[in-house]
Amino acid sequence: MAEQFSLTIAGSRKRLIKDKLAEYGIKMGGGVVLMTLLLIFCYLLYVVYPVFESAKIESKAQYSQSFAGNTYALAMEEQNEIAYRYSDLGINFFNTLDPNVELMQYALPQPATSFGQTGPTSPIVVFGFNDGKALIAEADFDVTYPGDKRLITPEVNFPFGEQQIEVDSQGQALKHIAVEVEGEDAAIVAVTADNRGILLRYTAEEDFMTEELEWSSETIELPSMPMDVEQVLLTPNFRFIFMRSGNKLSIYDIRDTDDISIVEVLDINEKQQNVTHVALLTGASSLLVANDNGVVSQWFEVAKDGERKFTKIRQFDAQSSVIDITTEYSRKGFMTVGVDNSLTIFHATGETKLLHQDLGMGSLQHIAISPRANAFLVESEQGIGFYKLTNEHPEVTWSALWQEVWYEGYSEPDYIWQSTSASDDFEPKLSLVPITFGTIKAAFYAMLFAVPIAVAGAIYTAYFMNSGLRKVIKPTVEIMEALPTVILGFLAGLWLAPFVEMNLPGVMMIAVLLPFSTVLVAAIWHFLPQKLINRIPQGAHVIILLPVLLLVGYLSVLASPLVEDLIFDGDARAYINDIFGFDQRNSLIVGIAMGFAVIPTIFSIAEDAIFSVPKHLTQGSLALGATSWQTLVKVVLLTASPGIFSAVMMGLGRAVGETMIVLMATGNTPVMDFNIFSGMRTLAANIAVEMPESEVGSSHYRVLFLAAFVLFILTFVFNTIAEYVRQRLREKYSAI
């Protein structure tokens, strides 16, 4: 007896040890999961945080340096080691940290009377002279590595030869001049001292023997010249010439050199203010107009009434009259220099002022930003200053992510996601609204399809179906959850989408006739003889209903062509497209395919919750005279409601985070409407398509991480709401 008692104690100790090990193992596993989620959250926050950092500048060198001649512009090479200065006497190259070490100097054959350049950081410039001639020059840099050390050697090239180009045959001084060179096309626009406008248009052909470009030129005198021209600008696509006379801007259309004319004259000043400077924004689609009250306005073409006209879009406040504007090389940012000696940094599309600061260098005169936008050079009455600039992601702002933005070339502000393009002039459009909307839209249609089927199936399986059939149905549905989503997406995109498109009337009839046929079979069943009803095992009615549903579905598809001819004039797709718009891979396809993936999750959890309702509750209800349906509605569903709600929220979380089905079953386009026949793009699908294996440096990739962060937060919010509601429901119905 004592031996048996000791064995019992030993067995209890073993069980206790196993219980403790299991307890600690479960706690450790839960802790590791929570820690992993926390680390994911922290990593996403770490990657996303830099996009919201403000611009910073750091002085690297300030020195007094006097150069001969009047400065036209400053510039820097890509590595920020060598700067160069354009003046009326030539080009001076110097080290950015020590300008006393002059690297090279190119002297013009005669003092220049005007100057123009293809862009703020472009190496191609033109000098206009007093005798009506011009010289096109290009600053270039030869990079070598003697002794494994980088050596940058500046040089000056002449794309059209070192000989001066005759622009004005009458020999008048060139008062203003502009140049553009693009591939095999080039143009010079000049305004002479006697106020004549001259366009010199170049085209090139390649010599098939020497493979060198042979240029031919055409000189055109511009008609209807405005008086007292102060600035001349030429677009890189050789489409427009802008001439500013005071507060008026005359726009020439030069696409057809045989019919050049002024297409528009604009008053570009602010009310009761005067224009101080005009510049082209990167891409040359927008004009920046500075006023003497410090307001800088942006103008670009907008389609109105079938015509494209330049329109004032937005404005910025530089706080003082602007002396000079320089634009970034590859982004829509720009800098201004004010009469109060302040430097202001803006981003045009984001409509944001990133920095406003007095550099403490006295009266500022000129500014140049580096090609990589990570440094800038300023010239003042006290000398030259070289500054490091930290401004990695100016295009990522609250308005760019979540508000309507008016982009160049668009007729109105809109929510747009288009992060990449093959064009160098492309401006990333990073609105998260379309892909967030697409996430909600995809989840909505998936849940609209899945919840009624899954919950109704769970109720029938757990409450009405006999045990033998339940043992087959429940595992079968749960196994469906193991189907890879990429396979479901593949089938939805390559089979289901074309099938639905070819049989639209039949699919619509299935949606109507299946519920109707179910009710009809139930009504017929009610009037059948009792002897026949008793032969069917209780809870096995689905065996009768299933063939009817399959037959109705088959007949609906079979009758689809006939209905299409009778109602939709033989083309249901075109009929719907005229009314709503139609894409083959649309929300209906996503709803069916993703709903099919979500159904097992909802069904399994809801079925367990309903089946777990204590039997004494249902038996007591039935004993008190309630029918089976009354017991289901008043007792079973109320008791199981926390579990059913949890099942729905788990399914919603699965739908929100789904990637491959949405990616393969829709057009993956950021369209914002609830049209069931249009496509969408979701956060998860967007991340899957555009996220590289290892790169988080650019704004585009960081915004994708931000999308992942938003998705993480959405899932967390859904789960929190689900847990809160589940607890409240459990407390409310715990007394049943």
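This section describes salt bridges, aromatic pairs and selected backbone features of one protein model.

The model is predicted, and for that reason local features were considered at pLDDT of at least 70 and side-chain atom pairs at pLDDT 80 or more, while totals for chains, interfaces and linings use all residues. Residues are numbered from 1 along each chain as its sequence is written, and side-chain values use heavy atoms, with hydrogens and water left out.

Arg201 is part of strand S13, which covers residues 197-206; helices (H or I, at least four residues) and strands (E, at least two) are DSSP runs, numbered from the N terminus. Arg201 has a relative accessibility of 15% and therefore counts as buried. In this classification, buried means under 20% relative accessible area, exposed means over 50%, and partly exposed lies in between (1.4 Å probe, protein chains only). When neighbours within four places in sequence are left aside, the residues in contact with Arg201 include Asp185, Ala186, Ala187, Ser216, Ser217 and Glu218, and also Ile220, Phe238, Ile254 and Thr257. Contact here means heavy atoms within 4.5 Å.

The structure holds 23 salt bridges, each defined as a side-chain nitrogen of Lys or Arg within 4 Å of a carboxyl oxygen of Asp or Glu. One of them joins Asp168 to Arg196, with the closest N and O atoms 2.7 Å apart. This pair links distant parts of the chain, 28 residues apart: Asp168 is in the loop between strand S10 (165-166) and strand S11 (174-182), and Arg196 is in the loop between strand S12 (185-192) and S13. Both Asp168 and Arg196 are buried.

A further salt bridge is formed by the side chains of Glu230 and Arg244, at 3.4 Å from N to O. Glu230 lies in the loop between strand S14 (213-222) and strand S15 (231-234), and Arg244 lies in strand S16 (residues 240-245), so the bridge ties together parts that are 14 residues apart in sequence. Glu230 is partly exposed, at 40% relative accessibility, whereas Arg244 is buried, with a relative accessible area of 4%. In the salt bridge between Lys309 and Glu307, the closest N and O atoms are 3.8 Å apart. Lys309 is partly exposed at 39% relative accessibility, and Glu307 is partly exposed at 45%.

Aromatic side chains were considered next. A search of the whole structure finds 27 aromatic pairs. Rings of Phe, Tyr and Trp (its six-membered ring) pair if their centres lie within 6.5 Å; planes under 30 degrees apart count as stacked, over 60 as edge-to-face and the rest as tilted. The rings of Trp398 and Trp402 have centres 6.3 Å apart and planes at 45 degrees, so this pair is tilted. Both residues lie in helix H2 (residues 398-402), where Trp398 and Trp402 are 4 residues apart, about one turn of the helix. Trp398 is exposed, at 58% relative accessibility, whereas Trp402 is partly exposed, with a relative accessible area of 27%. Tyr463 and Phe464 form an edge-to-face pair, with 4.8 Å from centre to centre and 85 degrees between the planes. Tyr463 is partly exposed at 22% relative accessibility, and Phe464 is partly exposed with a relative accessible area of 22%. Ring pairs also link Tyr72, Tyr84, Tyr86, Phe93, Phe115, Phe127 and Phe141 into a cluster.

Lys429 lies over the face of Tyr407, at 5.3 Å from the ring centre, and Lys615 lies over the face of Phe611, at 4.9 Å from the ring centre.

The backbone was examined last. Most residues other than glycine have a negative phi. Asp228, which is not a glycine, has a positive phi of about 55 degrees. Asp228 lies in the loop between S14 and S15 and is exposed, at 57% relative accessibility. Asn341, also not a glycine, has a positive phi of about 70 degrees. Asn341 is placed in the loop between strand S24 (333-338) and strand S25 (342-347) and is partly exposed, at 22% relative accessibility.

Note on methods:
A charge sits over a ring if NZ of Lys or CZ of Arg is within 6 Å of the ring centre and within 35 degrees of the ring normal.
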